[in-house]
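Please keep the sequence and the 3D view at hand while reading.

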Amino acid sequence: MVIRIGDAKTDWVDYFILLPTGDPRFTKGNGAEFVTADAAGNLYGGKPSTRKFQKYVRVRP
């Protein structure tokens, strides 16, 4: 449903990124399982269930 960004040591989540195709009624295989970032701050999430890799572009206010 979301990509969670936080601190593993404190177990605290700071940010949530909602997945554009997520359906809150269906939770099995509905989100990115592998996440990485590039130098520009963009995130990339991989979904093994659908074999898709999606780019999340950083938007600055």
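## Basis of the description

This is a predicted model, in which local features need pLDDT of at least 70 and side-chain atom pairs count only at pLDDT 80 or more, while totals for chains, interfaces and linings use all residues. Residues are numbered from 1 along each chain as its sequence is written, and side-chain values use heavy atoms, with hydrogens and water left out.

Strands are DSSP runs of E with at least two residues, numbered from the N terminus. Buried means under 20% relative accessible area, exposed over 50% and partly exposed in between, with a 1.4 Å probe and protein chains only. Leu-43, Gly-45 and Lys-47 point one way from β4, whereas Tyr-44 and Gly-46 point the other way.

Two strands pair if DSSP finds at least two bridges between them. Strand β3 (residues 34-37) runs antiparallel to β4 and is joined to it by 4 bridges; Ala-37 has Leu-43 as its bridge partner in β4. These two strands form a hairpin with 5 residues between them, and Gly-41 in the turn has a positive phi of about 90°.

Strand β5 (residues 52-56) also pairs with β4 in the antiparallel sense, over 5 bridges. Here the bridge partner of Leu-43 is Tyr-56. The hairpin of β4 and β5 has 4 residues between the strands, and Arg-51 in its turn has a positive phi of about 55°.

## A buried loop residue

Asn-42 lies in the loop between β3 and β4. Is this residue, Asn-42, buried or exposed? Its relative accessibility is 9%, so Asn-42 counts as buried. Leaving aside residues up to four places away in sequence, Asn-42 touches Thr-36, Ala-37, Lys-55, Tyr-56, Val-57 and Arg-58; contact means heavy atoms within 4.5 Å.

## The aromatic pair

The structure holds 1 aromatic pair. Tyr-44 and Phe-53 form this stacked pair, at 5.9 Å centre to centre and with 10° between the planes. Rings of Phe, Tyr and Trp (its six-membered ring) pair if their centres lie within 6.5 Å; planes under 30 degrees apart count as stacked, over 60 as edge-to-face and the rest as tilted. Phe-53 counts as exposed because its relative accessibility is 59%.

## A positive phi at Asp-11

Most residues other than glycine have a negative phi. Asp-11 is not a glycine, yet its phi is positive, at about 60°. Asp-11 is placed in the loop between β1 (2-7) and β2 (12-18), and is exposed, with a relative accessible area of 71%.
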